[in-house]
Amino acid sequence: QVEGSTVAEVLYAVFAELPALRGYVLDDQGAVRTHVVIFVDGTSLRDRKQLSDSVRPESEIFVMQALSGG
């Protein structure tokens, strides 16, 4: 568990503890990678570039690899 009021704050708190995760989740510009999806309380992340979606103290954030193909 980490604290933050936006997805960006939460992710950067996690990356401070586990720096290797950053490259898997964010691209070089700090946006969510194309084949990664993030859900906040069951709703897909709206702001994939600035990560400004708000979170509450009790929010759950899920980061998953998006499946593609047929």
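## Salt bridges

A salt bridge is a side-chain nitrogen of Lys or Arg within 4 Å of a carboxyl oxygen of Asp or Glu. Side chains of opposite charge can pair when their charged atoms come close. The model discussed here is predicted, and a search of the whole structure finds three salt bridges.

One of them joins D41 to R56, with the closest N and O atoms 3.5 Å apart. D41 lies in the loop between strand 1 (36–40) and strand 2 (43–44), whereas R56 belongs to the loop between strand 2 and strand 3 (61–65), so the pair ties together parts that are 15 residues apart in sequence. D41 is partly exposed, at 34% relative accessibility, and R56 is also partly exposed, with a relative accessible area of 47%.

## A network and a separate pair

Which residues are linked to one another in a network of salt bridges? The network consists of D41, R56 and E58. Within it, R56 forms a salt bridge with E58, and the closest N and O atoms of that pair are 2.6 Å apart. E58 is exposed, its relative accessible area being 52%.

Another salt bridge brings together the side chains of D53 and R46, at 3.5 Å from N to O.

Strands of a sheet pair through backbone hydrogen bonds, either parallel or antiparallel. In this model, three strands form an open sheet in the order 2-1-3, and their pairing is antiparallel. Strand 2 and strand 3 stand at the edges with a single partner strand each, so one side of each is left without a neighbour in the sheet.

Strand 1 pairs with strand 3 over five bridges, in the antiparallel sense. Along this pairing, V36 stands opposite Q65 in strand 3, and V37 stands opposite M64. Strand 1 also pairs with strand 2 in the antiparallel sense, here over two bridges. F39 has S44 of strand 2 as its bridge partner.

Which residues of strand 1 make up its covered face, and which its uncovered one? V36, I38 and V40 form the covered face, and V37 and F39 form the uncovered face.

Strand 1 and strand 2 form a hairpin with two residues between them. In the turn, D41 has a positive phi of about 50°.

## The segment before helix 1

T6 is placed in the segment before helix 1 (7–17). The side chain of T6 reaches the backbone nitrogen of E9 at 3.2 Å.

Which residues does T6 contact, leaving aside its neighbours within four places in sequence? T6 is in contact with L51, S52, D53, S54 and V55. Among these contacts is D53, the residue whose side chain meets that of R46 in a salt bridge.

Methods
Residues are numbered from 1 along each chain as its sequence is written. This is a predicted model: local features need pLDDT of at least 70, side-chain atom pairs count only at pLDDT 80 or more; totals for chains, interfaces and linings use all residues. Side-chain values use heavy atoms; hydrogens and water are left out. Helices (H or I, at least four residues) and strands (E, at least two) are DSSP runs, numbered from the N terminus. Buried means under 20% relative accessible area, exposed over 50%, partly exposed in between (1.4 Å probe, protein chains only). Two strands pair if DSSP finds at least two bridges between them. A polar contact is a pair of N or O atoms within 3.5 Å; within protein, one must be able to donate a hydrogen and the other to accept it, and residues adjacent in sequence count only if both atoms are side-chain atoms. Contact means heavy atoms within 4.5 Å.
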